[in-house]
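Me: I'd like to go through the salt bridges in this one. Can you take me through them step by step?

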Amino acid sequence: MDPHTSTSTAHDQDRPTHRLPVEILACILNFLFPEPGDSHAGRSKSEMAELYRLRMVSKSWKDLIEGMPALWTYVSTAYPTAVVRDCLRWSKNHFLRIRIFHVFITSAEALIECLRLLQPHSHRWITLCYSTTGGPDVDEAQSRIFLESPAPMLQSIYVNLSAFTSGVEVNLAGGRAQGVKHLTLHDGLLPWSSSLIHGLEELSLMVEETVPVEEILDIFVKSPALRYFELSCEGAEGQNNPTALATRSLDTVAASLKQVVIHITHPHITTRILSEISMPSCESVELSMDLTALGGDLQTLDQAMAQFMPRIRETLSSGGRTTLLVSSESDFEWCSPLKHKGFQFSFGISGTDLERLIEWIRNVSAVLEAPLELEISLTTPHRQTLETLSEWGEVTKLEIPWMEDPSEDEMDEMVSIPNFLGDVRVNPIDGLSWNFPNLRELDVYNAGYHPLEIFGMLNKRYLPDTYVRAMEGLGISIQTPPKIALRVQGSIAGGNATIMMALEKHWGVTSLNQGGLDKSQFTDE
């Protein structure tokens, strides 16, 4: 059936829907099809298909729907060309939200046709989302003409130029958009004289190879109301190729900045930015850097984080236990508690070792009155990593969020967490003790260990009181670890119900969480 035609008979006119006041119908339509905001989601093809079906109810419905411009202001390359034409016509003079998304398997001809249809309406664009994965048929010149079309009303821009020539410079919106508040630009550059970088509130840049440090520092001057700043670059070098740590300090004040995210391999660039831009209102900082070139020295991180240290220590004092994610023997992330309402931080660090990292964390926490507590989130249980971690008295929780498959070279280094926790240490002076001596929580729900393995660990780690008293009577000291809260994956099938009950009632266990299982099923008969 042709979506552009509809019929209405005398019988149709007797239906209750045709007696519905148009004002009420309009309200219902606005509720069912709200005008898309600045998000990338927009309006799906199925929603548009439903809108076309409603047009076919009757002529009055058709006239009403086509006469409501707000229903047609979102335009996507996912739509057929005929629908794009309808959106441009029925949206009248209203602002448009444009989404261009092209993948290699889709028709380049359809993309180019859509760009040509949209370009004459650039004066109505209010948001633009453009992303293509390229392919031999994509016309970069045509895309550039589209992206550089004068669009003075644009307020939000998301552009991914990964399909373009590396390091391409594109004068988005013809450089004429004076009111852009949100700008995301991946794998491309703007002319730094562009008006788009004035007055921004949110900025996200992903650049390749070279970071234009001076120009980026200048953005904070041109956009004093900036609230969110993100900069990412793998294997980056600074434009002026810095070889020494920055010596200037806090020349510019970003008074409105609330959140900063910097993922750059080269640590000097991060230090340069954070040592020259003061961020007194910042509520969240997320960094990642590779310290290999510096021999794993964490002094760079100290300098980069100098202005945030008082707030980090406040979080450590009031937020409770922080988390250290250990992805490999030299790849780590230390972050604040997720539910903490104060200052949030996340530091991704590679190219150093665990001993240096824990020493740095201890130095950061040295002035605190309360002892430091760490949750270790471990994805690959290497023996050497576990042996290093197990010495840290600060570790009170151990979690396996997921298990990464080890390489063939790593297979011999993998250890079982239950076996490792059950291993006893013998010291002539201190007597008997166990790995992770202050561990109070263990979450191995996603690790796939059988409940019997956990039960065996408990029996080795928590000796019965009679054994402890007997050994102490022989002059052997027992450093019994604190009781533990467990989260394991259990089953009520077969004999596992008995095992799970035994885990819950074990003298070394304070609580047992079996994930989605109902604990009421494990009650005394």
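Predicted model: local features only at pLDDT ≥ 70, side-chain atom pairs only at ≥ 80, totals over all residues.

Me: How many salt bridges does a search of the whole structure find?
Reply: Side chains of opposite charge can pair when their charged atoms come close. Searching the whole structure for such pairs gives a total of 19.

Me: Which helix holds both R53 and E50?
Reply: Their side chains meet in a salt bridge, N to O at 2.8 Å. The two residues sit 3 apart, about one turn of the helix. R53 is partly exposed at 48% relative accessible area, and E50 is partly exposed too, at 32%. The element they both lie in is helix 3 (residues 45-55).

Me: How many residues apart in sequence are the parts that R321 and E441 tie together?
Reply: The side chains of R321 and E441 form a salt bridge at 2.7 Å, N to O. R321 is in the loop between helix 11 (309-318) and strand 14 (322-328), while E441 is in strand 21 (residues 441-443), so the parts they tie together are separated in sequence by 120 residues.

Me: Does D443 count as buried or exposed?
Reply: D443 in strand 21 pairs with R487 in strand 22 (residues 484-487), 44 residues away, with N to O at 3.3 Å. R487 has 25% relative accessibility and counts as partly exposed. The cut-off for buried is under 20%; D443 has 9%, so it counts as buried.

Note on methods
Residues numbered from 1 in each chain as written. Heavy atoms only, no water. Salt bridge = Lys/Arg side-chain N within 4 Å of Asp/Glu carboxyl O. Helix = DSSP H or I, 4+ residues; strand = E, 2+ residues; numbered from the N terminus. Buried < 20%, exposed > 50% of the residue type's maximum accessible area, 1.4 Å probe, protein only.
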